[in-house]
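Dear colleague,

My notes on what was found come after it.

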There are 2 protein chains.
Amino acid sequence: MMKKLKWGILGTGRMADIFVTELIQLPEAHVVAVGSRTQKNAETFGVKFHIPERFGSYSDLVDQSSADIIYVATPHPFHKDNTILALEAGKHVLCEKPFAIHAGEAESMVTVARTRGLFLMDALWIRFTPLMQWLKESLEKGILGKPGIFSGAFGYAMDFDPQSRVFNPYLGGGALLDVGIYPLSTSVWIMGNPTETVSLATLGRSGIDERTGILMKTADGKLSVLYTAVINRTPYDFTVMGEKGMITVHGPWWHQNSLTIYQGSKKQLVKHFPFKNRGYGYMASHVMTCIRNGQTESPIIPHKETLTIMKVMDQIRQQIGLKYPGEA
Amino acid sequence: MMKKLKWGILGTGRMADIFVTELIQLPEAHVVAVGSRTQKNAETFGVKFHIPERFGSYSDLVDQSSADIIYVATPHPFHKDNTILALEAGKHVLCEKPFAIHAGEAESMVTVARTRGLFLMDALWIRFTPLMQWLKESLEKGILGKPGIFSGAFGYAMDFDPQSRVFNPYLGGGALLDVGIYPLSTSVWIMGNPTETVSLATLGRSGIDERTGILMKTADGKLSVLYTAVINRTPYDFTVMGEKGMITVHGPWWHQNSLTIYQGSKKQLVKHFPFKNRGYGYMASHVMTCIRNGQTESPIIPHKETLTIMKVMDQIRQQIGLKYPGEA
C-alpha cells in the first residue's frame, strides 16, 4: 500500500482552509499537524479538519510535529522565513504563491532546500490540472505550430480597503503578486523566459499596484500580453496563438475545464477536461509523487523557473515603481 | 428630397471595391466618378459599379469629375498626396485608415483641409456602428462607473510574402498601421488620450512589425492593453472594464453586432445591435450628414483625435524601431 505522506499546515488563513479542504480528500495524504500564531486558531482549525497535532507557534509546528512536509499558507512577506524555518527543521515544503516578495528571498529559500536535500516547490497549482498538462504537451507536439503570442488576464474588483491584505504594502499587497502571477507564470511556462519586459501600472491610494499591464518578449520574438488588477474585474481566460491557429483556455482561472481550438478560419473544437474540486489536489498529488520518488524539486515547476518568475516580477516592480516596506 | 452627394473613388483596389459595394446602396449617395492609375482599371471598376465618369489618373479624377467628395482608397503611403490633391481641387475627402504614415503627414493634410474649408475625415468606420455609438454613450452615462482597463486585439495570420502589401515596407506594411489601429483608436476614443505608452514588437523578415504589443496609460491612470499581428490570428473582441463590471464587445471587428455586459459577480446581459452589410454605410451616412450640415470635420472623429492617434503610432514605431523608407 502507498505510504501516506504526513502534512503540517503553517498558517490558518483563507488559503489554508481552501487547500486543506481538498488535501484531506486525497487517500495518499494525511494531515497530521497545524500551526498558527495562536493556540486558539490552531485548535479551531484542527477541530474543523480533524487534525490531531495543534501548535500555537510555527517553531513548535516544525520542531515538534510528525509532518514530512509543511504547506506554507501565510501572507507573502512571511513565505521566506516560514519556508526556511520548516526546511531547517528537516521538513519538505510546498510554499503558496507568490513564492516570495523578491528574487533574493526566493534564492535564499532554494539554497536552504538544496543544501538540506529537501523538496521545495512554488504552489503554482494551475499547471498541474489535466487541461494545462494536455495543453503544454500539445503545444510541444506542435498543435499550433510555433507559438507566437500569449495573452492573458486575471483581475478582480475590490472596493479600496486599507485594512485588507490586498491593499496593504506591509503584507505584499497589489495585483501583480496576488493574481498577476497567474498569467505571468503561465506565459513563462508556455512561451519561455522573456528577455525583454515592459510594463505600466496604476499605483493606488496605498501605493500598491491597483492595475498593471505587462508585455514580454522572448529572444526568438514570442510576445506575451498580460494584465491584472485588484479594482477591476477582468476576463479570466487566456489565449495562445501560433502559426496554425489559436487555443483559448476558458476561464475562470480557478476552474479550468474547457478550451477551444481554432484552426484555419472557421474550424472550432471545444474540448472538456476533468477538474476536481478547486484544482489544488492535482498539485498536492504531484508533490507527494515527487517526494516519494526522492526528488527535491518538481520537473513541472523547477526552482530555476520559480527564480525566473520572481526576477521578472522584480523587474516589473522596478519599472512601475512598486517597492515594499524594507526594500532598498 | 435629400440632395444626393456625389462621390468620386480614388483607387480601385480591394478597399475601394468593398466600400463602393456598400456606398451604392445608400439612397443619399451617388457614385459618379472613379480614378485609377490606368484607364483600364478605371473602366473595369466603373463598369462593375455603373459609375459614369472614369479617369486614368488621379489628377483627372479630382480636376474633371463632378464629385463633391473623394474617397481615398490607395495604400497608406499615398494617402497624404492623394488627399491633398483632392482637397486642392476643392473636393471634400474621406481618407482610408491609417490616415497617413506619420503625424507630420496627417498635420499637413488637416492644414490643407482647414485652409480650404473642406471636410476631411479619417475612415475609422467602426465607431459609427449602432453598437459602438450605444457603447460610447452608455460609458459616458456611467454604465460601468469609471472605466479602468481597455483590452483589445486584432491580428490575422498570413504566410510571409514579400510581394504582399502587408509585408512591404514601401507600402507601409506591418500590423500596427494595418489592423493595430483598430484596438488603438478604439482605446483612444473610449479611454482618452494616453500620456504614457510602451510597446514591444517582433520585427519580421522584411523589417515590418509582424507582432506588436502596446500598453497605454492616461493621466488619470486608465490602462489599455492592446496587441496586433499579421502572422498570428488573434481574438477579435475587446473589453472595457470599470468599477461596476465590464463589457465585452464580441468580435470580429468587421461585424460588431453583440456585446455582453457583466455586472456584479454573476449577472450577464447579452445585447444585440443592427449591423448592415460590412458596416461602412454607417460611416458614409455620417460623412454625408456632416457635409450637408456644412461641417468641415466629424464630431465623432475630429482632426485632433486623428492627430493624437497618429502621434501615438509614431511613438510606438520609435519604441519598436520601425521606420518606413524615407523616414529619418
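This is a predicted model: local features need pLDDT of at least 70, side-chain atom pairs count only at pLDDT 80 or more; totals for chains, interfaces and linings use all residues.

Residues are numbered from 1 along each chain as its sequence is written, chains are lettered from A and ligands numbered from 1 in the order in which they are written, and side-chain values use heavy atoms, with hydrogens and water left out.

**The two domains of chain A**

Chain A is divided into domain 1 (5-125) and domain 2 (130-280 + 308-320), the bounds coming from an automatic or database domain assignment. Taken over C-alpha atoms, the centres of these two domains of chain A are 26 Å apart. In chain A, 21 residues of domain 1 are in contact with 23 residues of domain 2, where contact means heavy atoms within 4.5 Å. The area buried between domain 1 and domain 2 of chain A is about 1,900 Å², and carbon and sulfur atoms give 65% of that area; buried area here is the accessible area (1.4 Å probe) that two parts lose on being put together, summed over both. Of the area that domain 1 of chain A buries against domain 2 of chain A, 35% is supplied by A:Glu22, A:His76 and A:Trp125, more than by any other three residues.

Between domain 1 and domain 2 of chain A the count is one salt bridge, a term that stands for a side-chain nitrogen of Lys or Arg within 4 Å of a carboxyl oxygen of Asp or Glu. The side chains of A:Lys311 and A:Glu107 meet in a salt bridge, at 3.8 Å from N to O. Across the interface of domain 1 and domain 2 of chain A there are also 10 residue pairs in polar contact, both residues being at pLDDT 80 or more. A polar contact is a pair of N or O atoms within 3.5 Å; within protein, one must be able to donate a hydrogen and the other to accept it, and residues adjacent in sequence count only if both atoms are side-chain atoms.

On the side of domain 1 of chain A that touches domain 2 of chain A, helix H1 (14-23) and helix H5 (103-116) of chain A each supply at least two residues, and the largest share, five residues, comes from H1(A). Helices (H or I, at least four residues) and strands (E, at least two) are DSSP runs, numbered from the N terminus.

**The contact between chain A and chain B**

Chain A and chain B each bring 37 residues to their contact, and the area buried between them is about 2,800 Å², with 66% given by carbon and sulfur atoms. The count of salt bridges between chain A and chain B is zero, whereas 12 residue pairs, both at pLDDT 80 or more, are in polar contact across this interface. Strands S7 (147-155), S8 (194-203), S9 (209-218), S10 (223-229) and S11 (238-242) of chain A are the elements that give two or more residues to the side of chain A that touches chain B, and S9(A) gives the largest share, seven residues.

**Local features**

Most residues other than glycine have a negative phi, and most peptide bonds are trans. A:Gly251 and A:Pro252 are joined by a cis peptide bond with omega of about -5°, and A:Pro252 lies in the loop between strand S12 (245-249) and strand S13 (258-263) of chain A. A:His50, a residue other than glycine, has a positive phi near 55°.

With kind regards
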